[in-house]
Each structure stands twice: as structure tokens, then as C-alpha cells.
Amino acid sequence: MKSQRKNKIIKITNDILCTLELVKNKIFSNYNKLMNQDEADSAIKKGYFNGEAMPNPFVFFVDEKEAKELKNGDEAVLVCEENEVGYIKISSVFKSKNEYKSSVFARGEIKEWAISGEFEISSNEIKNTLDELERIKTELNAKKITAVMLTADPLHRAHERLIRMTIDKADLVVIFLLQTHGNEHLSFNLRKKSLEIFAKKYLPPNKITIFPFKSSIFKAHQNPALECITAHNIGANKLVLGQNHAGIGMFFDHNQPKTMLDRYINDLGMEIIVLPELVYCNECKTIVSTRTCPHGQHHHIKYHPPTIKTLLFNGIMPPAILMRSEISALILSELFKDRFSDVQKLCDALFPNSGLLEERNERDFYKELMKLYQTTSLS
């Protein structure tokens, strides 16, 4: 629905809208307004704000044209893709500066001006997810809650092992599904559907919940401190990270592993688990940790997402040791819709059946094809 209001308008992207929703629902901090200049400068200088860890200020940018039209006391309508999605009550307009590149609203660049004030948005996805999370926590009486940040791009066997290892020591695991951008990535909805299929079919019920993070604030895992704070604010007391997590800044002090998160860990009461790299060893014949496997790297098959996606984007099913066939089938059926002129005829010609007429779709085709690949009696 297009905005019919006559108030001043600020156009935003869907990505910024998603970040506003996170701020509004206190995912990053109990402070859920847009910061003025003094507040932002204080947060940047101290790394804390109002007694809370605050590595990234809430500076909201506008361009020079918008800034000239806005003044204190105005109510500016937020418009995303021609739809009215909320409003901001302007309390100040101030000149931006280079230090504000760390803002949760910065996307690699900043505009000339910024505004502060309270705001409202119409989207309720994060609020509904939080409400459902609270319901599950109460129902399970969950005390040990572990958060895992994943792009699952794509969901492979090492991800599955990591999730299982995490569930084993938790009452509830919250998977933050992170946003990606660009044609080299799978869509958010496809990645979410993959996780849901795996959780429903292969994990204990009510032990895992998926938290959609459509904002790109956590793109490429570049902000582990904010990940830690986010996990704490949804009630987690443990955060699981991979050894190769970008931006973690891991180093050793007196043979003890340290990270850039140590500044906040004690204040938040969080336990950070840094897992080793997982690989498939063709000697061990299973998924192993690079720390515990005695065989050399030349025996290891790595779970390298770009390589796996190269196969998928070229219509090739990854081997079962890399990805579960149900997940591969889902992804290929979405990437290559209507690939076959008569998939039913193809299935009838290739695969055995129960003797009854079985209606099959493209996902069924890929799943059955993987079973044929795994037949070894003639090899």
C-alpha cells in the first residue's frame, strides 16, 4: 500500500527496515531509539551505553536533501518499496562523521547527515519470533540456551554435526539464520526451508528454533561482539562460533585462547565455545575435527561452501558426504524449475516402485537419483 500521508518522507531499503525492527525489539540493547550526536559519540568512545555493552551505535543516516527538509519535532514517514512502513519523530538533525561507519545502519558507507528520535514500524516478524521463543523456553523450562549463528549457505554435513554437538549440551538451541546478498548465494527463504526440513526430520522435537535475521548487519560474520550481545539479549548463556569465524580476532596469551569478545564476555555472563574445523577424513570414514584426526590434510575433504554451491548452481548433486540428499533435492528443484519436460516419465523409466502408480516431482527425482549413485554392488 502506497503512503497517503502528507508528512515528510524518508525512503529506506528493506535491509534498513529489518535493522530498525531489530533495534525496536531490543535485540541489541534496551535502548531502542535512534541516537543523537552526544549519545553516539559516547557509545563509540566507551564501547558501552547506559551501562550496556554497545560496540555499534544507532546512528540513522539521511542525505543532504532530506536533512534540509527535516527539523526537530517533525514526524517523518518511513517508506520502503513505495509502502509506508513506519515513522520517526525527529528530535535532532546533525552532521555525520567518519566514526559513524560502525553504526548498525551503516552499509560500508555513510551519508552526510543523521537524525535521532523515537520511531515505530509496522513489521512484527521479530516480535512474533521473540514471543514464540519465550513460549518454547517456558514450555521446556529451558535453562541452558545456546545460540548458533549460521548462514547455512548451503546447509551441509558439517553444519549438521555442529548443530547436533550443540544440542547435546543444551536445553534449547537458537539458530540465528543470517542474511546474505548477491547472486553467488542461495536465497534466504531457501536456506530457511533447508534448516526446517533438517530440524523436523532429523532432530529431537522442540530442541531447536530458527531466528530469522534478514538484516545484513551480521553479513559474513564480521561482527562477533554484536553476535555475542544479541545472543545474550534473547536469553542465551552460550554462543557457539567456528574457529574460522571472520572478525573473531582469535589469539593466544600464555597458551590460552583469547578473542576480541573477551571485553564483553564477563559483563554478559556468556560462555563462548570456539569449535575446531570439521572435515571428512577418508581414512577415518567419518566427519572429524582437524584437532583430533591423526591423518594429514591430504586425507581430508573440506566443507567449502563456494565449492558446494558451484556444483549446485551447475545442476550437479553434491556427494552425500557433503550434503544430505533431501537438502540437495530441495535446492536443485528450486534452482532448476521445470528442468525436465516430463519428470514423471523420467522417474518411471529410472526408478523402481511399489507396483502402484506413484506421482513424482523434481525433488523426488533428485532424491531417487542419489540412491542410484549410492548403489555399489556393481562397482
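Tutor: We begin with terms. Helices (H or I, at least four residues) and strands (E, at least two) are DSSP runs, numbered from the N terminus. Contact means heavy atoms within 4.5 Å. Axes are lines fitted to C-alpha atoms, for helices over the stretch in contact, and angles run from 0 to 180 degrees between N-to-C directions. In this structure, helix 5 (residues 157-167) lies across strand 8, strand 9, strand 10, strand 11 and strand 14, and runs at about 165 degrees to strand 8.

Student: What kind of model is this, and how are residues numbered?

Tutor: This is a predicted model, in which local features need pLDDT of at least 70 and side-chain atom pairs count only at pLDDT 80 or more, while totals for chains, interfaces and linings use all residues. Residues are numbered from 1 along each chain as its sequence is written, and side-chain values use heavy atoms, with hydrogens and water left out.

Student: How many helices and strands does the protein have?

Tutor: The protein has twelve helices and 17 strands.

Student: In what order do the five strands of the open sheet stand?

Tutor: Two strands pair if DSSP finds at least two bridges between them. Here the order is 10-9-8-11-14, with parallel pairing. Strand 10 (208-213) and strand 14 (271-275) are at the edges with a single partner strand each, so one side of each lacks a neighbour in the sheet. From one strand to the next, the twist averages 25 degrees.

Student: How many bridges join strand 8 and strand 11?

Tutor: Strand 8 (residues 145-150) and strand 11 (residues 238-242) pair in the parallel sense over three bridges. Within this pair, Thr146 stands opposite Lys238 in strand 11. Helix 4 (residues 125-140) also packs on the sheet, where it touches strand 8, strand 9 (172-178) and strand 10. The direction of helix 4 makes about 165 degrees with that of strand 10.

Student: How many disulfides are counted?

Tutor: A disulfide is a pair of cysteine sulfur atoms within 2.5 Å. By this rule the count is zero. For Cys18, the nearest cysteine sulfur, that of Cys80, is 8.0 Å away. The sulfur of Cys293 lies 3.7 Å from the closest cysteine sulfur, in Cys281, which is too far for a bond.

Student: Is Cys293 buried or exposed?

Tutor: Buried means under 20% relative accessible area, exposed over 50%, and partly exposed in between (1.4 Å probe, protein chains only). Cys293 is buried, at 10%, and Cys18 is buried as well, at 12%. Of the 379 residues of the protein, 48% count as buried.
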